Amino acid sequence: MVRSASVLLGLGLLPAAAFALTASVTAVIPAQGIYPGEIATLRIALSNSDPVAATNVAFNNSLPGVLPNGLKVAGAFTSSCGGAFTAALGTQALSLTGGSIPAAAGGIDGQCVIDIPVTAGTSTGNATSYAYQILNGAVSSSGGNNSGDVSQTFNVRALQPPQISKGFGSSTLVLGGATTNLTITVSNPNPVAIEGFSITDNFPQLGGSAIIKVAAAPGASANCTGGPAPAFNPAPAAGDTSVTGTGDIPPNNGSCTFVVAVEASQTNGQYTTNAQSNLINRSSDFSNALGIPAQANAQANITVRSPLSVAKAFSGSSLSSGSSGSLTITLTNSGNTPLNVTTFDDSPIDGVGGANPATGLNVTSASTSCAGGTATAINSNKGVRLTGGTIPANGNCTVTVNYDGFVQASGVPVTYTN
């Protein structure tokens, strides 16, 4: 015999069921709704008004929305319906096969219950709502299908995007010079944690290679205010050209900070790279379990330059034709390691050249303070060459060129520019 029954739901009182099987859905959820990431419990109750147990109970549907904008399973379910129930963590599919519902007894319907922890994701942070439904006839059993649509609404509260920032201790790095700290910070203005974040910083490149790299001594550290420590994943290693950090951002303006030492890697063959943008994209370089991007990109500029600089000075601003003078070339190394010179030519030292010893600036001798180097005249004594030698770390050495100077035409003054 099929008896009718009514079920009181959040949407109101259902009319009498035409079959022995009825379904209801309710939720344990705060009246104001949940924030993305907060957990509510979805309850599916299946009732049987027949004095014979219902077997082969089955249904297959999904939580509402399209992830990340929707509901998803957030924990382990419990079920008294037997059979095989599927609700995988982080997914939306719900299914029951081979279930059973006890027979009615003493005027009380038999019932089984499935409780599923659920939460919401978001890619926008906007307030919204999702309705989970079991439609008429969606649940089947040996006693027939359910009658009537049932639904439970989940209100999801607005969430502010997390914030990301980055900075360098020094905006300029020198090849072979001191390191500087790269600091990356993620923060959360919301009253709920933002779990499962990942942030990656890919260092800027020129000529197909990164201009900075993780230092030989990375000195990496990671911590969060008011929550469990995050972690670099993987741990930074010397020479790495990117870093990634993972963890959970604590609520209520909590933040997580990653620090690692970096050093100059290359200048693309130039003296300086000039300021290069090191960008962490708000969505492609940052992610989290909720699916919400950061409020804005994180950006900082970094310049890499050569440690070598060159200065020149003549012994005087003028001299008479046929007189002697000297040119001092100073090679400076602002790096922390010595620079070994292969060759260095300055020719012609007067900017004119030629083989005529009666005109221009003619080298008479050359010397150097660069340890291990040799300075000699080249190109018919119109230039000088340094072969070998070492420029000390954070120091300098010189090449001194003695010369005799002559005008180009008798009685006509001339300016020579080296």
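Student: How many disulfides does the structure hold, and what is a disulfide in general?

Tutor: A disulfide is a covalent bond between the sulfur atoms of two cysteines. This structure holds three of them, where the criterion is a pair of cysteine sulfur atoms within 2.5 Å. Keep in mind that this is a predicted model, in which local features need pLDDT of at least 70 and side-chain atom pairs count only at pLDDT 80 or more, while totals for chains, interfaces and linings use all residues. Residues are numbered from 1 along each chain as its sequence is written, and side-chain values use heavy atoms, with hydrogens and water left out.

Student: Which parts of the chain does the disulfide of C81 and C112 tie together?

Tutor: The sulfur atoms of C81 and C112 are 2.0 Å apart, and the torsion about their S-S bond is about 90°, so this disulfide is right-handed. C81 sits in the loop between β8 (78-79) and β9 (84-86), whereas C112 belongs to strand β11 (residues 110-120), so the bond ties together parts that are 31 residues apart in sequence. Such element names follow DSSP runs, numbered from the N terminus, with helices being H or I of at least four residues and strands being E of at least two.

Student: Where in the chain do C224 and C256 lie, and how should I read their bond geometry?

Tutor: For C224 and C256 the sulfur atoms lie 1.9 Å apart, and with 100° about the S-S bond the link is right-handed. The pair connects distant parts of the chain, as C224 is in strand β21 (residues 221-224) and C256 is in strand β24, 32 residues apart. C224 is buried because its relative accessible area is 11%, and C256 is buried with 0%.

Student: What can be said of C370 and C397?

Tutor: A disulfide joins C370 to C397, with 2.0 Å from S to S, and the 85° about the S-S bond makes the link right-handed. C370 lies in the loop between β32 (360-368) and β33 (374-378), and C397 lies in strand β36, 27 residues apart. C370 is buried at a relative accessible area of 2%, and C397 also counts as buried at 2%. When the bonded cysteines are counted along the chain, the pattern of the disulfides is 1-2, 3-4, 5-6.

Student: How many aromatic pairs are there, and what is the rule for such a pair?

Tutor: Rings of Phe, Tyr and Trp (its six-membered ring) pair if their centres lie within 6.5 Å, and planes under 30 degrees apart count as stacked, over 60 as edge-to-face and the rest as tilted. By that rule the count comes to six aromatic pairs. One of them is F232 with F258, which is edge-to-face at 5.2 Å centre to centre and 70° between the planes. This pair links distant parts of the chain, with F232 in strand β22 (residues 231-232) and F258 in strand β24 (residues 254-264), 26 residues apart. Both F232 and F258 are buried. Another edge-to-face pair is formed by F314 and Y403, with 5.9 Å centre to centre and 90° between the planes; F314 is in strand β28 (residues 308-314) and Y403 in strand β36 (residues 395-406), 89 residues apart. F314 counts as partly exposed because its relative accessibility is 32%, whereas Y403 is buried at 4%.

Student: Which residues do ring pairs link into a cluster?

Tutor: The cluster consists of F197, F232, F258 and F286, linked by ring pairs.

Student: How should I read the sheet that contains β22?

Tutor: Strands of a sheet pair through backbone hydrogen bonds, either parallel or antiparallel. Here two strands pair if DSSP finds at least two bridges between them, and four strands form an open, antiparallel sheet in the order β22-β23-β17-β26. β22 and β26 (286-287) stand at the edges with a single partner strand each, so one side of each has no neighbour in the sheet. Strand β17 (residues 194-202) is joined to β26 by two bridges, and I199 stands opposite F286 in β26.

Note on methods. Buried < 20%, exposed > 50% of the residue type's maximum accessible area, 1.4 Å probe, protein only.
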